[in-house]
Amino acid sequence: MNLETDYLVIGSGAVGMAFVDTILTETDAHVVMLDDRAVPGGHWNESYPFVRLHQSGSTYGVTSKPLGQSRIETTGVNAGFEELSSGPEITRYYHELMEETFLPSGRVTFLPLTRYEEDGRIWSTLSGEEHTIKVRKKKVFANYLTTNIPATHTRKYEVADSVTCLPPNDLPLQAPKFKQVCIIGGGKTGTDCIIWLLKHGYDPDRIHWIAPRDAWFLNRKNFQTLNNSQFEDTVGGQAKAMEIYAAAESVTDLEDRMEEAGLWQRIDTNRRPTMFHASIVAEKEIEELRKIKNVIRKGHVQRIEPGKLVMDEGEVAIDADTLFIDCTASAFKDYVNVREPVFQPGEIHIQVIRQFQPCFSAALIAAIEARIPEDDKNNYARPAPGIDTTTDVLLVLAAAMENTMMWMSSPELGEWRSACRLDGFASMVDNADMNDPKTMEILMSMLSNGEPAIQNLRKIAEEAGASS
Ligand SMILES: Cc1cc2nc3c(=O)[nH]c(=O)nc-3n(C[C@H](O)[C@H](O)[C@H](O)COP(=O)(O)OP(=O)(O)OC[C@H]3O[C@@H](n4cnc5c(N)ncnc54)[C@H](O)[C@@H]3O)c2cc1C
């Protein structure tokens with residue numbers, strides 16, 4: 001196949017789709033998208049049946065198409081908060097977007113089951129046929145995150161043949177067949193499995209949880225952007241965080257102040273977390289997770305044998321009739337601290353440029369591509385690199401705040417952001433009541449703490465050994 005296009009986009013996950021959506025509305029360019037999966041939507045196509053976003057759908061997806069119904073949930077641990085879209089909703093969303101918007105535009109060619117190799121070779125994984133694609137403008141690498149998930153990753157520990165260890169996709173059907181369940185992994189997927197089991201009445205004492213590291217969690221009440229009645233918690237929460245970033249004397253001091261302000265949470269208040277993966281969790285979810293008393297903290301699993309776990313720090317006996325659920329795929333690990341310019345000659349390397357917001361970042365990078373002169377683009381797109389620890393996150397926040405200041409200084413991007421549904425914070429500020437003294441106090445506090453926060457975050461991250 002011989003093709004010619006303006007943009008060749010590698011990857012049709014959430015990031016590739018957000019970029020293309022904005023390029024289509026901002027320019028009259030033609031795009032070829034390729035993906036080694038059969039359909040768009042990336043890792044969401046293999047997600048476990050009970051997966052949900054941990055942020056509201058109102059700020060996830062692409063700019064031109066709303067995700068979800070903008071409902072407030074009335075039951076369960078998320079009651080009172082904006083709805084969290086489910087895996088099926090998300091895959092349907094991306095499939096519809098491709099079929100009903102991208103392809104009918106006549107400006108997008110989608111090549112599924114097609115791989116891009118590092119040497120630039122493009123080939124069909126089905127037929128083996130090679131394709132030649134002439135790119136008039138830029139190659140766009142939308143495979144930077146390439147999210148690891150348990151269903152497709154390779155486990156780093158051994159499992160004896162007679163032991164059942166499966167991805168969370170199998171949890172609902174397999175759990176009833178075993179005396180107990182052992183969840184391996186302390187991240188978002190592990191917590192999802194536990195909350196799902198508890199929701200369905202599973203006895204917390206039948207759950208074992210291997211959590212080598214404790215984590216900090218963000219508080220969902222500070223991420224409600226649909227309604228300006230949440231201004232104080234959401235924008236006010238951000239203002240409070242910036243005050244803390246500007247004043248904290250060390251990483252642990254920052255953690256303590258964030259927890260005291262209710263912005264960060266941890267499950268066991270007697271243990272200091274060493275992991276920060278930006279999971280957004282409701283306070284009620286933390287309460288549920290605290291019900292698990294069988295938490296195994298002996299480092300990572302090396303091998304699972306019948307009746308026994310071989311861990312980094314020794315062996316642990318465990319009933320032979322246990323279903324093990326592997327939640328150890330580290331979505332973030334591979335790109336922690338990888339940073340390269342987003343805009344390079346003839347190429348765009350999409351990275352997160354606002355903390356924890358891959359979709360908004362990808363859409364904004366497309367807007368920068370369309371609206372900002374070539375030699376100035378990277379000034380608006382400093383990578384806010386991957387995160388694993390609190391120290392990593394300080395650098396992410398500093399880079400993202402610097403970006404925000406640049407965006408605020410640009411009328412071209414200001415106009416785009418006001419209209420962009422993925423930027424919940426900007427629209428809340430746009431719609432704020434400027435005659436309300438409390439609102440003004442919050443906004444002024446953010447303004448005055450911006451620059452000191454950036455400087456201080458870098459300082460305490462460096463003191464903690466991070467290389468900026
Ligand atoms: C359970 C779970 C919940 C999450 N919840 C949220 C949330 O609430 N909010 C949030 O912001 N983020 C969330 N995330 C993070 C999530 O990773 C991102 O939101 C987003 O889906 C990442 O999209 P992506 O396009 O970068 O990656 P992917 O979904 O991995 O898509 C990349 C695509 O590119 C393809 N590809 C890669 N390399 C090549 C190549 N060389 N040739 C061809 N194709 C290639 C891959 O096969 C894949 O289809 C969650 C992640 C998980 C696992």
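In this predicted model, 17 residues of domain 1 touch 22 residues of domain 2, where contact means heavy atoms within 4.5 Å. Domain 1 covers 2-147 + 333-388, and domain 2 covers 158-214 + 266-326; these bounds come from an automatic or database domain assignment. Their C-alpha centres sit 32 Å apart. Between them the two domains bury about 1500 Å², with 62% of it on carbon and sulfur atoms. On the domain 1 side, Phe50, His54 and Val77 lose the most area to domain 2, together 43% of what that side buries. Buried area here is the accessible area (1.4 Å probe) that two parts lose on being put together, summed over both.

A bit of bookkeeping: residues are numbered from 1 along each chain as its sequence is written. Because the model is predicted, local features need pLDDT of at least 70 and side-chain atom pairs count only at pLDDT 80 or more, while totals for chains, interfaces and linings use all residues, and side-chain values use heavy atoms, with hydrogens and water left out.

| Protein atom (N or O) | Distance to a ligand oxygen |
|---|---|
| Val15, backbone | 3.1 Å |
| Asp35, side chain | 2.9 Å |
| Tyr60, side chain | 2.6 Å |

Taken alone the ligand exposes 990 Å², and the protein buries 93% of that (Shrake-Rupley method, 1.4 Å probe).

Notes. A polar contact is a pair of N or O atoms within 3.5 Å; within protein, one must be able to donate a hydrogen and the other to accept it, and residues adjacent in sequence count only if both atoms are side-chain atoms.
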